[in-house]
Amino acid sequence: MTATKRIFSGVQPTGNLHLGNYLGAIRNWAHLQDDYECIYCVVDLHAITQPQDPATLRASTREVTASLIASGIDPQGSIIFNQSQVTAHAELAWIFNCVAKIGWLNRMTQFKDKAGKNRENASAGLYIYPVLMAADILAYKATHVPVGEDQKQHLELTRDIAGSFNDAYGVEFFPLTEPLIFGEATRVMNLRDGTKKMSKSDESDYTRINLTDDADLIAQKIRKARTDPLPLPGSARELVERPEANNLVGIYAALADISRDAVCAEYDGAQFSGFKNALADLAIAKLSPITGEMRRLLDDPAHIDGILRDGAGRARAMAAPILREVQDIVGFLNP
Ligand code: TRP
């Protein structure tokens with residue numbers, strides 16, 4: 001096993017990325033490049049576990065790619081590609097489907113949430129979604145995966161699959177991949193309801209800040225964000241029972257790269273109307289270079305496609321020898 005610290009993570013090309021994706025995930029992905037070899041994947045195979053319009057899927061794949069690059073992921077130093085273009089993912093997923101137990105999959109809470117009441121009508125792909133995720137990670141023997149809380153269970157399954165494969169074939173082939181959880185500090189909540197996560201699927205656009213929003217819209221959304229009538233407290237502890245206030249302070253802290261306590265100390269006793277102006281200015285200052293760069297990139301789709309093509313080529317070259325060994329271990333004749 002190599003001593004390299006290798007990161008793999010994936011993001012679905014379904015709809016716009018928003019501030020929650022940026023502060024909770026992608027910004028961290030960019031930072032990780034300093035210490036790890038990084039592979040970032042736009043997971044289009046995962047996207048079609050639920051119905052997708054083909055033209056929209058294509059456009060979203062380019063858009064998500066552009067936002068990764070605009071957020072500071074270096075497509076040369078790291079690898080950015082879309083999953084469908086490296087067939088090793090689907091091939092390894094099949095082998096893992098024969099390792100994973102139905103009982104394990106039945107425990108996956110995301111499947112239960114996404115399938116809802118109409119389970120019989122969910123696609124088989126949605127059911128084995130976490131197995132494909134294990135294949136994504138292990139096709140590169142990634143040692144670390146940055147994920148949000150909601151993906152922790154899938155990562156545990158990845159470890160179960162790796163361990164079970166190793167045991168079944170008496171090898172120490174796959175690593176037990178470690179999660180890198182970026183916790184509460186960067187959990188961005190819905191601007192209209194501080195108890196819900198900011199989400200691309202919420203029907204009201206005013207609940208989130210998209211990476212495609214311009215300065216005016218960002219300011220408007222922050223000004224209209226829900227708060228309570230109290231002023232800002234002197235310490236973050238006093239925000240526990242004030243989810244909306246806590247969220248805005250949290251967003252400010254994350255964007256300014258300071259603690260919630262430091263924000264409270266600075267704005268102790270201030271009204272939210274004034275604080276929101278400061279937050280809007282800060283958000284615009286931090287986000288406009290990214291949104292500007294995204295727009296510039298999206299004006300040249302051929303350039304984005306070239307980056308994805310190059311990334312897929314490099315990813316393929318990394319996964320190929322690993323898959324070859326897996327085939328040997330399993331007993332597939334490669335004459
Ligand atoms: N399931 C992840 C999500 O929805 C995306 C994903 C797919 C992923 N494959 C992955 C994340 C591998 C980390 C590693 O957020």
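Start by selecting residues 301-330, which form helix α14. This helix has 30 residues and spans 41 Å from its first C-alpha to its last, close to the 44 Å expected at 1.5 Å a residue. Keep in mind that the model is predicted.

Next, select Ala-319, where α14 bends by about 30 degrees. A proline, Pro-321, follows within four residues. Ala-319 is also one of the buried residues of the helix. To see others, select Ile-304, Leu-308, Gly-311, Ala-315, Ile-322 and Val-326, which are among the buried residues of α14. Then step just past the end of α14 to Gly-331, which takes a positive phi of about 100 degrees.

Move to helix α13, residues 272-298, and pick out Ala-280 within it. Is Ala-280 buried or exposed? Ala-280 has a relative accessible area of 5%, so it is buried, the cut-off being under 20%. Ile-222 and Ala-280 are 58 residues apart along the chain, yet their C-alpha atoms are separated by 6.1 Å.

Which residues have the most contacts inside the largest nonpolar core? Select Leu-19, Leu-68 and Phe-275; they hold that place in a core of 60 residues. Helix α13 gives the largest share of this core, 12 residues. Colour domain 1 (3-181 + 300-330) and domain 2 (205-295) separately: both give residues to this core, so the core lies between them.

Centre the view on Phe-275. Not counting residues up to four places away in sequence, Phe-275 touches Leu-232, Leu-248, Val-249, Tyr-252, Val-263 and Tyr-267.

The last two stops are in loops. Select Lys-141, in the loop between α8 (129-138) and β4 (144-147). Lys-141 is not a glycine, but it has a positive phi of about 45 degrees. With a relative accessible area of 19%, Lys-141 is buried, because buried means under 20%.

Finish at Asp-257, in the loop between α11 (243-256) and α12 (260-267). Asp-257 has a positive phi of about 60 degrees although it is not a glycine. Its relative accessibility is 61%, so Asp-257 counts as exposed, for which the cut-off is over 50%.

Note on methods:
Residues are numbered from 1 along each chain as its sequence is written. This is a predicted model: local features need pLDDT of at least 70, side-chain atom pairs count only at pLDDT 80 or more; totals for chains, interfaces and linings use all residues. Side-chain values use heavy atoms; hydrogens and water are left out. The expected span of a helix is 1.5 Å times one less than its number of residues. The bend at a residue is the angle between axes fitted to the seven residues ending there and the seven starting there. Buried means under 20% relative accessible area, exposed over 50%, partly exposed in between (1.4 Å probe, protein chains only). A nonpolar core is a set of buried Ala, Val, Leu, Ile, Met, Phe, Trp, Tyr and Cys residues joined through side-chain atoms within 4.5 Å. Domain bounds come from an automatic or database domain assignment. Contact means heavy atoms within 4.5 Å.
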